[in-house]
Every structure is written in structure tokens, then in C-alpha cells.
Amino acid sequence: YESLLDAIDEACAHSETPHPACEALRTISLDDLYRLRNRYDDLTYLRDYGARDEAFIESISKRAFEIYLSGRYIVDKDRLYPGAGSFIKALKRAGARVDFVSSRSQERQGGPTFRFLQDHGLLRAGEEQFLHLKPDAEASSDFKRRATREIAARVKSERGRVFGIFEN
């Protein structure tokens, strides 16, 4: 979520006309974002921090989303949940195959996401098939259902068993 904050900040910094709400947005913290019902709801986020001009909100939101989807901040700013890396590595040492499913954009965030997982020792070169990212044209919920079914079918065809599916 830190990358979403950075994207909003960058969008404000490069706004064609300075807007008073941009200054208020600089006081946003990551904890504030975690308190939102939907942590990716940047429109609510902007309104909660003083933005009232709907044209400005839409403009900044659109630009921030483009920046976020570019994957620019993934490798530098994303963080693993505490314990997640150790847990995944332990599973792999025990012989488990781990697939990663994310609603990140396959087209725009695929490379940075794979590099992030590589940098954290969770995937190696040649394991790209274990990373499943959402095509831009597919709804997130449809993608996750499809990916889960495809993984389960592949595992079953290999006479394996799915032991767990974890979301975030």
C-alpha cells in the first residue's frame, strides 16, 4: 500500500495546476490507509483528507492509478507480511510447490512483481509459471476463481493435493 501512497503523492507533484488539497494529502500515513474499508479506494482517501473538487479528485486518482499500475514502486516499496517469507521458504524446503496468485496487472506489473518475489527468495528464474497475475481485461474476482480452478486441476492431474490457499 506504500506504493499507492507514493503514486498519489507523485500524481499531485506532477499536477498541471497546484491544488490546495495536495498539501493536505502529504499528511496521509500508511496507518490511515489501513483504516479504510477498501485500502485501494483512493477516491475516498482523497476526500477524507480534504479534497473537495471532484474534477481534481478524478484527475489525481486516474493519474495515481496509472503510476501504481506501472509497477514502478513494487520492487522498492512493497513489503512482505511479517513471517510470510519464512513460511513460504519452509513450505518449499519441505517439498511443497507454491503458486502465487495476485490481482496485479499481468501486462504492467508482471516483471516488477516477479523481481520482488525473486529478491525475497520466493521464486527463482525458470519459475515464472508459478506466478499468476490478472489480465487487465478480467475482473479480479473472476481471475482469482479461474486461477484457483486451474491450479487445482493441474495439481490433481499431477496426482498432487492442494493443502492451502492464502489471501494476503
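## Ground rules

Residue numbers start from 1 along each chain as its sequence is written, and side-chain values use heavy atoms, with hydrogens and water left out. As this is a predicted model, local features need pLDDT of at least 70 and side-chain atom pairs count only at pLDDT 80 or more, while totals for chains, interfaces and linings use all residues.

## Two nonpolar cores

A nonpolar core here is a set of buried Ala, Val, Leu, Ile, Met, Phe, Trp, Tyr and Cys residues joined through side-chain atoms within 4.5 Å. Buried means under 20% relative accessible area, exposed over 50%, and partly exposed in between (1.4 Å probe, protein chains only).

The largest such core holds 18 residues, and Ile-8, Leu-46, Phe-56 and Ile-60 make the most contacts inside it. At least two of its residues come from each of α1 (2-13), α4 (42-48) and α5 (54-69); helices (H or I, at least four residues) and strands (E, at least two) are DSSP runs, numbered from the N terminus. Helix α5 gives the largest share, seven residues. There is also a second, separate core of twelve residues, with Ile-88, Val-98, Leu-117 and Leu-133 among them.

## Glu-10, in helix α1

Glu-10 sits in helix α1 and counts as buried because its relative accessible area is 14%. Beyond its neighbours within four places in sequence, Glu-10 is in contact (heavy atoms within 4.5 Å) with Arg-63, Ile-67, Arg-72 and Tyr-73.

## Ile-165, after α9

Ile-165 lies in the segment after α9 (140-157). In soluble globular proteins, nonpolar side chains tend to be buried together. Ile-165, however, counts as exposed, because its relative accessibility is 62%. Between Ile-165 and Phe-100 there are 65 residues in sequence and 9.6 Å in space, C-alpha to C-alpha.
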